[in-house]
Amino acid sequence: MSTGKTQYGFNRGTVHAEMTVARKMRRNKTYDLYVCRLSAKDEFVYSKPCDRCVSTLKNLRQLRYIYYTNYDGEFAVLSL
Ligand SMILES: [Zn+2]
């Protein structure tokens, strides 16, 4: 079992934060990704990565888990 690094994706607006993070990842390392999105009121809102981002990230084979905030503002996890 290897310990992964953690990357944070911060998504505010139209940019897909997951993709920005993917570009920063180093080869041969495993990562857990946290994706957060804030509303105009600075509250956590639903931030599950879109299907396209998920499949792109999956193809990298460097991510174990993606954490995102659900409709209740709590973290949920997606296992790749
Ligand atoms: Zn996306």
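The largest nonpolar core of this predicted model has 12 residues, namely Ala17, Val21, Ala22, Tyr31, Leu33, Tyr34, Val35, Cys53, Leu57, Leu63, Ile66 and Tyr68. Such a core is a set of buried Ala, Val, Leu, Ile, Met, Phe, Trp, Tyr and Cys residues joined through C-beta atoms within 7 Å; buried residues have 20 or more other C-beta atoms within 10 Å of their own, with C-beta atoms placed from the backbone. At least two core residues come from each of helix 1 (17-24), strand 2 (31-37), helix 2 (51-60) and strand 3. Strand 2 supplies the largest share, four residues. Helices (H or I, at least four residues) and strands (E, at least two) are DSSP runs, numbered from the N terminus.

In the model, residues are numbered from 1 along each chain as its sequence is written. Local features need pLDDT of at least 70, side-chain atom pairs count only at pLDDT 80 or more, and totals for chains, interfaces and linings use all residues.

Helix 1 buries Ala17, Glu18, Val21 and Ala22. Seen down the helix axis, these residues line one face, because the directions from the axis to their C-beta atoms fall within an arc of 140°.

The strand pairings, each requiring at least two DSSP bridges, are listed below.

| Strands | Sense | Bridges |
|---|---|---|
| Strand 2 and strand 3 | parallel | five bridges |
| Strand 3 (residues 63-69) and strand 4 (residues 75-79) | antiparallel | five bridges |

Tyr34 lies opposite Tyr67 of strand 3, and Tyr67 has Val77 of strand 4 as a bridge partner. Thr69 faces Phe75 in strand 4. In the hairpin of strand 3 and strand 4, with five residues between the strands, Gly73 adopts a positive phi near 75°.
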